[in-house]
Amino acid sequence: MPGMYRDRVRGAKGPRLSFQRKTQLLSAALFNGYAIGFQKGKIFTGGAKAVCVPVLNCYSCPGALGACPIGSLQAVLGGRKNFPFYVLGTLMLFGVVLGRAVCGLLCPFGLVQDLLHKIPVPKGKVPPRIDRPARYVKYGVLLVMVILLPALAPTGTGIASPYFCKYICPAGTLEGGVPLLLMNPNLRRALGSLFHWKALVLAAVLGLSTVIHRPFCKYLCPLGAFYALFNRFSFYQMGLDRGKCVGCKQCERSCPMDVEVTKHINSPECIRCGKCKSLCPTGAISSGFSCRATGKVEGAQKESSGFN
Amino acid sequence: MKSKLRWVPIGVLAAAVMSVAVGAAGGEPREVLGKAVRICLECIGIG
């Protein structure tokens with residue numbers, strides 16, 4: 001019997017952190033391990049910052065030990081105007097190995113949205129006629145704000161702005177802006193309309209997260225859009241044993257990304273959070289590096305290597 | 001995995017490794033470091 005379902009049936013051990021929550025907390029701590037930065041209101045300046053982390057984690061966060069890949073991509077495209085081999089290659093590496101498991105299991109801003117969704121307010125779903133086209137907005141954000149504008153927009157200095165970071169990224173405002181502004185009066189004096197706009201975006205995303213599951217991941221995140229391109233063929237896959245599936249649709253009702261699990265288990269929208277797997281009453285859903293994209297698994301032994 | 005798709009991740013993995021190597025040889029990590037060690041005013045909503 002799989003994880004969460006098994007625990008609910010036994011009911012003796014009380015609430016436990018899921019595999020997803022453990023990995024999210026661990027990666028948030030790992031990628032933001034420069035604790036002294038929060039104390040001093042300064043950012044880490046060590047050599048590790050030349051390495052891109054796999055997640056949307058602002059490099060202006062006082063705790064950040066690595067570089068944000070989306071910020072780095074814009075910096076390279078907007079600076080030397082060279083092809084970003086290193087950043088793009090790093091993103092491809094994470095994408096081909098994990099796909100959007102990065103979003104579901106590692107991203108600190110995904111964790112923030114997950115926790116906000118636990119606040120007991122009435123929950124809602126975006127109607128499909130709006131939801132479906134809106135899912136493509138994140139690809140537009142990736143193409144226009146992250147790639148085309150930094151690479152092509154004319155500037156006086158020859159260095160283009162990181163348009164996504166500047167006008168949209170709520171993770172930068174939350175992880176970098178808020179702690180640095182709290183600690184640094186000089187930065188506070190420089191606040192203007194741009195910060196008010198970014199605070200509004202952040203408030204909207206955080207507010208929506210209490211009602212809709214992961215609105216930023218679904219509609220706006222350019223990193224999620226990039227990893228989505230790899231979901232169908234990444235080494236890490238979800239698997240569905242159709243022989244075991246009883247069609248109860250519990251997986252689809254529980255999916256935070258509203259994926260049609262029984263039809264497209266490795267949909268570009270799947271963030272591999274493992275919720276469907278933990279709730280499946282027959283153990284038909286598996287995940288790991290040995291699962292097959294056809295949706296079939298070899299046997300019960302292989303299914304044990306996953307989220308439980 | 002369909003047989004056609006089986007080689008796709010291996011090809012992409014090889015391309016990714018080569019891309020990282022080419023970028024590293026061209027000094028791109030230094031550029032990333034240069035950006036990441038300064039407070040990004042745009043990111044925090046000031047610049």
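Leaving aside neighbours within four places in sequence, Ser19(B) is in contact with Phe85(A), Tyr86(A) and Gly89(A); contact means heavy atoms within 4.5 Å. The model is predicted: local features need pLDDT of at least 70, side-chain atom pairs count only at pLDDT 80 or more, and totals for chains, interfaces and linings use all residues. Residues are numbered from 1 along each chain as its sequence is written, chains are lettered from A and ligands numbered from 1 in the order in which they are written, and side-chain values use heavy atoms, with hydrogens and water left out.

Ser19(B) lies in helix α2 (residues 8-25) of chain B. Helices (H or I, at least four residues) and strands (E, at least two) are DSSP runs, numbered from the N terminus. The relative accessible area of Ser19(B) is 10%, so the residue is buried. Buried means under 20% relative accessible area, exposed over 50%, and partly exposed in between (1.4 Å probe, protein chains only).

Chain A holds 18 helices and 2 strands. Of its 308 residues, 55% are buried. Among contacts in chain A between residues at least 6 apart in sequence, 73% join residues at least 24 apart.

Helix α5 (residues 85-98) of chain A packs against helix α4 (residues 69-78) of chain A at an angle of about 155°, with the axes 9 Å apart. Axes are lines fitted to C-alpha atoms, for helices over the stretch in contact, and angles run from 0 to 180 degrees between N-to-C directions. The pair α4(A) and α5(A) is therefore roughly antiparallel. Angles under 35 degrees count as roughly parallel, over 145 as roughly antiparallel, 65 to 115 as roughly perpendicular and the rest as oblique. From α4(A), Pro69(A), Ser72(A), Leu73(A) and Val76(A) meet Val87(A), Leu88(A) and Leu91(A) of α5(A). The residues of this contact comprise 6 nonpolar, 1 polar and no charged. Ala, Val, Leu, Ile, Met, Phe, Trp, Tyr, Cys and Pro count as nonpolar, Asp, Glu, Lys and Arg as charged, and the others, Gly among them, as polar.

Helix α5(A) also packs against chain B. Its partner is helix α3 (residues 28-36) of chain B, at about 90° and with the axes 8 Å apart. The two helices α5(A) and α3(B) are thus roughly perpendicular. Here Phe85(A), Tyr86(A) and Val87(A) meet Glu28(B), Pro29(B) and Val32(B). The contact residues divide into 5 nonpolar, no polar and 1 charged.

Phe94(A) also belongs to α5(A). With a relative accessible area of 24%, Phe94(A) is partly exposed. Beyond four places in sequence, Phe94(A) is in contact with Cys52(A), Val53(A), Pro54(A), Gly99(A) and Tyr227(A). Phe94(A) and Phe230(A) are 136 residues apart along the chain, yet their C-alpha atoms are separated by 9.4 Å.

Tyr227(A) and Phe230(A) share one aromatic cluster with Phe226(A) and Phe233(A). Over all chains, the whole structure contains 9 aromatic pairs. Phe226(A) and Tyr227(A) form an edge-to-face pair, 6.2 Å centre to centre with 75° between the planes. Rings of Phe, Tyr and Trp (its six-membered ring) pair if their centres lie within 6.5 Å; planes under 30 degrees apart count as stacked, over 60 as edge-to-face and the rest as tilted. Both Phe226(A) and Tyr227(A) are buried.

His117(A) sits in helix α7 (residues 108-117) of chain A. Its relative accessible area is 17%, so His117(A) is buried. Outside four places in sequence, His117(A) is in contact with Lys123(A), Ser209(A), Thr210(A), Val211(A), Ile212(A) and His213(A).
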